[in-house]
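Hello,

Here is the structure I promised to hand over. Please open it before you read my notes below.

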Amino acid sequence: MNIEALKFNLQTFATGTTKMAQMVNPQVMGDMISAALPKAIKFTPFAKIDNSLNGIPGDTLTIPSWGYIGDADDVAEGADVTISQMSSSTKTIKVKKAVKGVEITDEAKLSGYGDPIGEATHQLTMSIASKVENDVVKALGEATLIVDKGTEKISYAGVVAGVDKFAEEDDMEKFLFVHPTQVTTLRQDVNFIDKTKYGNDVMMTGEIGMISGCRVVKSRRVPEEGGTKFNNFIIATTPESTDGTPVLPAVTILMKRNVILEADRDIVGGKDVIVANEHYGVKLTNESKVVKITFLK
């Protein structure tokens, strides 16, 4: 498996029209640098993209699943077998719409430095991508495999407790997401293995090492709780099924329609209006593939 985190940029938008006052009035300058991203995209690459509703009616996807009947029992000769009841359940993903827009005056286009229209298009697309990423993190927060270590800082023992929740074989690749402020504590743990010690086997941007069999990835999107704790996630990726049975990842992103950028002209105000929108839904669809561990900040 080769997971490469997506990199986007994000600008915090103020409300209102972009006028000449908001633009750089140039004299002699070097190349303009595009808006920098406060928080990189890290979690979305672990989600499954589902296009089931592309181009067809409906705004809700229902995912059915069978429950496991359990392992077989030892039965003595002539004894009756214990009959197990099969069960099934469903999860639904509802489509919603994310929208962001800007207005740019003719003066800003003609007299400002750089390419306001190009930059607006660039930032609007990234703004939508960042919104989807936030929803993926929110979905991970609904994990049912939970370890509460809220009275202690991140540690090997705490991560081990989280890994043990999977109760799976060792063929799963596991990723532990930590906040940058937790990195120093983790590096000082004697059980932490820096990435420089295991060669070029780095699987994604932001990976700093390993602990308890988990690849450690730092991300500022790791959510805080009450200002005193962090909710860290371990996400497990499952190898492809050998029997053809679909294997759901922890999170599914339902795409009704990809990002659409639309522009219109306000001839009265002398402005260009650019709006980006995306119709999608996000849901935690496989609770067995994510563990949430709460550590002291």
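**What I found**

Asparagine 232 is buried, with a relative accessible area of 0%. Buried means under 20% relative accessible area, with a 1.4 Å probe and protein chains only. This is a predicted model: local features need pLDDT of at least 70, side-chain atom pairs count only at pLDDT 80 or more, and totals for chains, interfaces and linings use all residues. Residues are numbered from 1 along each chain as its sequence is written, and side-chain values use heavy atoms, leaving out hydrogens and water.

Asparagine 232 sits in strand S11, residues 229-237. Strands are DSSP runs (E, at least two residues) and helices are too (H or I, at least four), numbered from the N terminus.

What does the side chain of asparagine 232 meet? A polar atom of it lies 2.9 Å from the backbone oxygen of phenylalanine 177. It also makes a polar contact with the side chain of glutamine 182, at 2.7 Å. A polar contact is a pair of N or O atoms within 3.5 Å; within protein, one must be able to donate a hydrogen and the other to accept it, and residues adjacent in sequence count only if both atoms are side-chain atoms.

Now the cores. A nonpolar core is a set of buried Ala, Val, Leu, Ile, Met, Phe, Trp, Tyr and Cys residues joined through side-chain atoms within 4.5 Å. The largest has 35 residues, and Phe177 is among those with the most contacts inside it. Helix H2 (116-140) is one of the elements giving two or more residues. H2 gives the most, with eight. A second, separate core of 20 residues includes Ile154 and Cys214.

Best wishes

Note on methods: Buried < 20%, exposed > 50% of the residue type's maximum accessible area, 1.4 Å probe, protein only.
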